[in-house]
Amino acid sequence: MAQRGPIVVYGATGYTGTLVAHELRRRGLDMVLAGRSADKLARLADALGGGVATRAVALDDAAGLRDLLAGAAAAIACAGPFVQHGEPVVRAAAEAGTHYVDTTGEQPFMALVRDRYDAPARRSGAALVPAMGFDYLPGDLLAHLTAQGVEPLRELTLAYAPRNLQPTRGTLRSALGMLAADSVVYEDGGWRPAPRSVPRASFGFPQPLGAQPVMRYPSGELLTVPRHVRTRKVASLITVETFAGTPKAAPLTPLVAPALALALRSPLRRGLEPLLARFPEGPSAAARARVSFTVVAEARGEDGRTRRGVATGGDVYALTAATAVHGAALMAAPGFDRAGFLAPAEAYDATASSTRSPRTASRTSCPTPPDTPKRPIDPPAMGRDVPGRMVGERRAWVIRRHDVGSLGGGACVRAAGRSAG
Ligand SMILES: NC(=O)c1ccc[n+]([C@@H]2O[C@H](COP(=O)([O-])OP(=O)(O)OC[C@H]3O[C@@H](n4cnc5c(N)ncnc54)[C@H](OP(=O)(O)O)[C@@H]3O)[C@@H](O)[C@H]2O)c1
């Protein structure tokens, strides 16, 4: 893919940043590895086989960060927790007019990017697309595609069911911060502070998962989906088992979560850091291969019609690296002309294939991947699942809208990828 300049990875030396760097190398993209430690960056460049530029710039060096990003076509920020470490990089991108994606899953950070940097980024011409990983790219695109034909909506629900998820140390740090932080819900056509209580509910996932206990989740789609879907409400749910670790402990999670959130807002939180430092940096490739996820989007129209979209997949860390790189590559290509804070579904034409820029993508030219079932897929009736899958193709991750006759006009989110590490 043609590039207007290199792609900078800030926080390249972390678990996710390293996956991102390997993915950029695998795709043959021009990159600069950046972070706070020159030694670590040099070791990573060696591990990639050499010939990769590195730049050590501290987060408190505002001029250095601006200079770093001014020479780049796009930036991928991987230094988290983003509420603590994210702002200097996005500020530099907005000031330098450099397109930006990141791997955050922290809703409060996404709100900060929107509230503080949308206007400067519009002025400089930078597009800012936070959360371009497993959080929350599939959910945002799936919501967009599922809502089509049913809008305006009374409610759009997103429900997550990850299995065998082993967080990295960085994810754990960020998740604990999220639990302690304020978040918002989207109801009655507006954003409101999320209640502290954790109501229990059940959600019907496709088989073999079936009905699962779920709890409210302060996901990023609560911020992004109302930007491109006409809906009065967005709800975000996740299986209780995701946090409980085991099905047996699941019933306790909604009871324990408010107390834990309270503890994390107190000085007790400082005592956690030494414990976190002993946590492994991240899962092995074998552990990542055991991960699976299902994301369901359920759109309820004002007129009572409903429609469902489903995305399934595996290794969420490889997915994060691949989608962040793909998003940055689309931005770094000649012709990308969007600016300001954007949801993924606003930044990228959902019909774009990996070889087309967003402007030239055609709505009906989504190529059929080799593993598409040969039998025709039934047109999705209202109220039934819209076929959507994440399939394992051994090339770059791509997000496309498949809007051809064989799907009966149904939506399909498809991402194909491979482990980048
Ligand atoms: N939402 C998703 O789907 C998803 C997926 C993957 C990751 N993430 C998020 O991405 C972030 C990174 O995760 P990770 O697992 O890669 O964490 P990690 O392994 O702990 O890496 C953190 C990175 O941030 C850098 N960093 C930390 N403090 C810094 C500071 N003060 N100045 C400069 N750089 C600093 C680290 O640099 P050093 O190497 O020099 O310490 C390292 O490069 C987390 O917020 C995580 O939640 C989200």
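# Report on a predicted protein model

N164 counts as partly exposed, because 13 other C-beta atoms lie within 10 Å of its own. (A residue is buried if 20 or more other C-beta atoms lie within 10 Å of its own C-beta atom, exposed if 12 or fewer do, and partly exposed in between, with C-beta atoms placed from the backbone.) The structure is a predicted model, in which local features need a pLDDT of at least 70 and side-chain atom pairs count only at pLDDT 80 or more, while totals for chains, interfaces and linings use all residues. Residue numbers start from 1 along each chain as its sequence is written.

## Overall picture

The protein contains 15 helices and 18 strands. (Helices, H or I with at least four residues, and strands, E with at least two, are DSSP runs numbered from the N terminus.) Of the 421 residues in the protein, 48% are buried. Among contacts between residues at least 6 apart in sequence, 73% connect residues at least 24 apart. (Two residues are in contact if their C-beta atoms, placed from the backbone, lie within 7 Å.)

The average pLDDT of the protein is 80, and 76% of the residues score at least 70. (pLDDT is the predictor's confidence in each residue, on a scale from 0 to 100.) Over residues 351–421 the pLDDT stays under 50, and for this stretch the model has 153 contacts beyond four places in sequence.

Most residues other than glycine have a negative phi, and most peptide bonds are trans. N164, although not a glycine, has a positive phi of about 60 degrees. This residue lies in the loop between strand 7 (153–163) and helix 8. D188 is likewise not a glycine, and has a positive phi of about 50 degrees. The loop that holds D188 lies between strand 8 (184–187) and strand 9 (190–193). D188 counts as exposed, because it has 7 C-beta neighbours inside 10 Å.

Two peptide bonds also deserve attention. The bond from D135 to Y136 is cis, with omega near -5 degrees, and Y136 is placed in the loop between strand 6 and helix 7 (137–147). The bond that joins Q207 and P208 is cis as well, with omega of about 10 degrees. P208 belongs to the loop between strand 10 (200–204) and strand 11 (211–216).

## Strands and their partners

(Two strands pair if DSSP finds at least two bridges between them.)

| Strands | Sense | Bridges |
|---|---|---|
| Strand 4 (residues 74–77) and strand 5 | parallel | four bridges |
| Strand 5 and strand 6 (residues 127–129) | parallel | two bridges |
| Strand 13 (residues 292–301) and strand 14 | antiparallel | eight bridges |

In a regular strand the side chains alternate between the two faces of the sheet. In strand 5 (residues 99–102), H99 and V101 point one way while Y100 and D102 point the other way, and all are buried. Y100 is the bridge partner of A75, whereas V101 has V129 in strand 6 as its bridge partner. From strand 5 the chain crosses through helix 6 (residues 107–124) to strand 6, in a right-handed β-α-β crossover. (Right-handed means that, with the strands pointing away from the viewer, the path from the first strand over the helix to the second runs clockwise.)

Strand 14 (residues 306–313) is mostly covered, as six of its eight residues are buried. Its residue R308 stands opposite E298. In the hairpin of strand 13 and strand 14, four residues lie between the strands, and G304 takes a positive phi near 95 degrees.

I238 is a residue of strand 12 (residues 234–239). It counts as buried, because it has 21 C-beta neighbours inside 10 Å. Leaving aside residues up to four places away in sequence, I238 touches Y160, V214, M215 and Y217. The C-alpha atoms of I238 and P162 are separated by 8.2 Å, although the two residues are 76 residues apart along the chain.

## Surroundings of the ligand

There are 33 residues around the ligand, of which G14, G80, G105, D135 and G170 come nearest. (A residue is near a molecule or strand if its C-beta atom, placed from the backbone, lies within 6 Å of it.) By class, this shell has nine nonpolar, 19 polar and five charged residues. (Ala, Val, Leu, Ile, Met, Phe, Trp, Tyr, Cys and Pro count as nonpolar, Asp, Glu, Lys and Arg as charged, and the others, Gly among them, as polar.) At least two residues of the shell come from each of helix 1 (15–26), helix 4 (82–85), helix 8 (169–180) and helix 14 (316–332). Helix 8 supplies the largest share, with four residues.
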